[in-house]
Amino acid sequence: MASKNNTAGSSSSDQARERARQIADRQSRRSNGKPVGLIAAVIALLVIIALIIGVVVWQNNRARIPDAGPVPASANQYGGITVTKDGIVQNSSDVQERDLSQEPEPAATADTSKTPPGVVDQDQAASNGKPVQVVIFQDFECVLCADFEKQNADAIKRAVDAGDVQVEYRNLNFLDRATRDQYSSRAANAAYVVAEQVDSDQYMEFAQELFSHQGTGGLSNQQIADIANKHGANVTADQLGENTYRPMVNVMSRESINNGVAGTPTIFIDGKRYEGGNFQDALKKAVDEKK
């Protein structure tokens with residue numbers, strides 16, 4: 001009987017030792033009462049969160065547009081891209097830089113009796129000996145601008161090629177909030193870059209194609225670059241992402257509001273505000289009056 005009891009005791013001892021070993025093994029994988037695997041997972045999660053925060057901060061800093069910036073070579077000091085039969089006018093600005101902080105905050109209501117700077121005086125236009133000046137304030141996310149472009153772009157292009165008209169495009173960012181990533185501003189910035197590299201026809205064809213995508217929620221920089229490169233430019237998405245001319249877009253847009261541009265498209269034909277009707281008839285009338 002004693003031998004049997006000793007055997008049972010030995011078995012119980014072995015089981016206890018085995019349980020103790022298992023517990024010790026589990027404890028060896030714990031630190032401060034927390035499993036090593038859980039600690040590793042928490043650390044990994046914190047690293048991922050830190051990386052996400054870092055990326056967001058970097059993107060926000062990159063997207064933060066300074067008040068002051070250069071006037072594009074392809075624009076005058078009012079932000080207009082002037083397209084003529086001889087090409088796009090380059091280096092015509094009287095200043096090298098524009099600063100948003102120097103432009104007053106817009107009034108609640110635009111004074112549409114004003115004529116924006118750079119628009120020819122209509123009383124002098126008839127005798128200035130120059131082609132008819134058409135100034136178009138537009139927004140690449142504007143539905144009405146896209147409709148106007150679809151209806152009139154070819155007629156405008158023919159008039160420019162004939163030397164009867166020169167068109168100044170001022171691309172505004174009124175509808176930035178209508179898209180998830182400020183498409184109006186990005187497209188306007190791209191237009192300046194493209195206009196520095198291409199001829200008049202190529203620029204107008206580039207703009208036509210941008211407008212054909214209006215209402216899709218905004219093109220990516222890569223998509224804009226692809227369209228630009230189809231029309232003679234050499235542009236990359238990274239280059240557009242530098243936002244070089246975004247300060248100019250902001251200045252020009254505020255300046256336009258302060259000088260009577262209440263919406264897009266707003267159009268002047270030899271200094272006279274176009275109030276609707278058949279645009280091509282109005283343009284032909286202005287051209288005929290100068291001949």
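The legends below describe several close-up views of one predicted protein model.

**Figure 1. Overview of the predicted chain and its secondary structure.** The model is predicted, and its protein contains 10 helices together with 10 strands. Of the 291 residues in the protein, 41% are buried. When contacts between residues at least 6 apart in sequence are considered, 78% of them join residues at least 24 apart.

Figure 2. The strands β9 and β10 pair in the antiparallel sense over 2 bridges, and here the reader can find F268 standing opposite R273 in β10.

**Figure 3. The largest nonpolar core and the surroundings of V165.** The largest nonpolar core has 59 residues, and the members with the most contacts inside it are V134, V165, Y203, F206 and L210. Helix α5 supplies the largest share of this core, namely 9 residues. If residues up to four places away in sequence are not counted, V165 touches P131, V132, V134, A159, V160, L283 and V287.

**Figure 4. Aromatic pairs, with two of them shown in detail.** How many aromatic pairs does the model contain? The count comes to 7 aromatic pairs. One of them joins F148 and F279 in an edge-to-face arrangement, with 4.9 Å from centre to centre and 75 degrees between the planes. Because F148 lies in helix α4 (residues 143–161) and F279 in helix α10 (residues 279–290), this pair ties together parts that are 131 residues apart in sequence. Both F148 and F279 are buried. A further pair is made by Y203 and F206, whose rings are tilted, at 6.2 Å from centre to centre and with 50 degrees between the planes. Y203 and F206 are separated by about one helical turn, because they are 3 residues apart in helix α6 (residues 200–212). Both Y203 and F206 are buried. Ring pairs also link F148, Y274 and F279 into a cluster.

Figure 5. E103 is placed in the loop between β6 (97–99) and α3 (122–125). Leaving aside neighbours within four places in sequence, the residues in contact with E103 are R98, R254, E255 and N258.

Figure 6. The structure holds 0 disulfides. C142 counts as buried because its relative accessibility is 4%. C145 is buried as well, since its relative accessible area is 2%.

Figure 7. Most residues other than glycine have a negative phi, and most peptide bonds are trans. Q182, which is a residue other than glycine, has a positive phi near 55 degrees, and Q182 is found in the loop between β8 (165–171) and α5 (183–195). At 11% relative accessibility, however, N243 counts as buried. The peptide bond from T264 to P265 is cis, with an omega near -5 degrees, and P265 is placed in the loop between α9 (246–258) and β9 (266–269).

Key
Residues numbered from 1 in each chain as written. Predicted model: local features only at pLDDT ≥ 70, side-chain atom pairs only at ≥ 80, totals over all residues. Heavy atoms only, no water. Disulfide = S-S within 2.5 Å. Buried < 20%, exposed > 50% of the residue type's maximum accessible area, 1.4 Å probe, protein only. Helix = DSSP H or I, 4+ residues; strand = E, 2+ residues; numbered from the N terminus. Contact = heavy atoms within 4.5 Å. Phe/Tyr/Trp six-rings, centres within 6.5 Å; stacked < 30°, edge-to-face > 60°. Core = buried A, V, L, I, M, F, W, Y, C linked by side-chain atoms within 4.5 Å. Pairing = 2+ DSSP bridges.
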